[in-house]
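Dear colleague,

Here is the structure I promised to pass on, with my notes below it. Please bear in mind throughout that this is a predicted model.

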Amino acid sequence: MTKRICFISTPTSLGGNVNGSDLGPFQILDLNLFRGLQKDHKFIEIDSRNDLKKDRNNSLKDVCLRLKSETFKNTLLGYFPFVLGGDHSISSGSLSAVASAYSFENKESPGLIWFDAHADLNTHLTSPSGNLHGMPLAALIGEKVKHLSDVVGSSLFDPKKVVILGLRDVDPGETALLDKENITYFSAEEIKKQGLAEIAKKVSLITGDDYCLSFDIDSIDPLFAPGVGTPVDRGFDPKEAIDLLDQILTKGNLLSLDFVEYNPLHDKGGKTKECVEKLLDFLISKIG
Ligand SMILES: [Mn+2]
């Protein structure tokens, strides 16, 4: 590992309808694997308190704007941004910051790999639940999403360079957007069928050389990771996810990482914690 990482904790659950993902970053930083990392890397925590004068969504917008500003600053300082959620809405802040910093030197936007059971492509008009953690990707590709589009601004990703891995739970409005923008996605089953090497090759062609990775732990099967906000059956085996990531990360340059939706309150017998530790240990070893 050669790069200096800036770990940015964003302990909020304002984007979902269950509490607990706000505790994720504290549990994560308590893991043994972080003991040796304090010395060489930077650690920041975003103030994620709920502003009682504001409603939930406006409070969340403030949190995401604070995250965007810290991510942007530290990216320009040369740190590798590793954002620890929190629910997935926070990616509107972290990823728009990376896209914005990237645009200083590049004409095109970076690629984006979205590990998730869900597409996160709803807008305030299509979402059945109204929860903002189901909308960040829509905002990041330029759809109008109340609150989150204010965070993203003009720092957008090109939907042609986005790929969703582990997708298996899609709402009707999201299906329409996947079709309209021709976004590539693969379920865990399809990935198994085609083979990891073949999928990694396809992912690399879509994202191009420089890409960001947003990892929602609900992409893993609830058998191994029940401690998430919105569990869905038929996900990845953790070993399979790591093998796939291993193949993907040998190609091109990883620009940033989000790790989101770990909910310690919904864990069963420490299974999710064990899975989180394995995944993070692997991901951190790949930065550099
Ligand atoms: Mn998600």
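Which residues of α8 are buried? They are Ile 199, Ala 200, Val 203 and Thr 207, and because they cover an arc of only 100 degrees around the axis, they lie on the same side of α8. An α-helix has 3.6 residues a turn, so residues three or four places apart point the same way. The buried residues of α8 pack against the strands β4, β5 (162–165), β6 and β7, and also against the helices α7 (188–194) and α9 (238–249), whereas the face turned away from that buried side carries the exposed residues Ala 197, Glu 198 and Leu 205.

As for the sheet, eight strands form it as an open sheet with parallel pairing, in the order β2-β1-β3-β8-β7-β4-β5-β6. Its edge strands, each pairing on one side only, are β2 (42–45) and β6 (184–186), and the twist from one strand to the next averages 15 degrees.

Within the sheet, β3 (residues 80–85) and β8 (residues 253–260) pair in the parallel sense over three bridges, and Val 83 has Asp 258 in β8 as its bridge partner. Helix α3 (residues 91–102) packs on the sheet, where it touches β3, β4 (111–115), β7 (210–216) and β8, and its direction makes about 165 degrees with that of β8.

Key: Residues are numbered from 1 along each chain as its sequence is written. This is a predicted model: local features need pLDDT of at least 70, side-chain atom pairs count only at pLDDT 80 or more; totals for chains, interfaces and linings use all residues. Two strands pair if DSSP finds at least two bridges between them. Helices (H or I, at least four residues) and strands (E, at least two) are DSSP runs, numbered from the N terminus. Axes are lines fitted to C-alpha atoms, for helices over the stretch in contact, and angles run from 0 to 180 degrees between N-to-C directions. Two residues are in contact if their C-beta atoms, placed from the backbone, lie within 7 Å. A residue is buried if 20 or more other C-beta atoms lie within 10 Å of its own, exposed if 12 or fewer, and partly exposed in between; C-beta atoms are placed from the backbone. The arc is that of the directions from the helix axis to the C-beta atoms.
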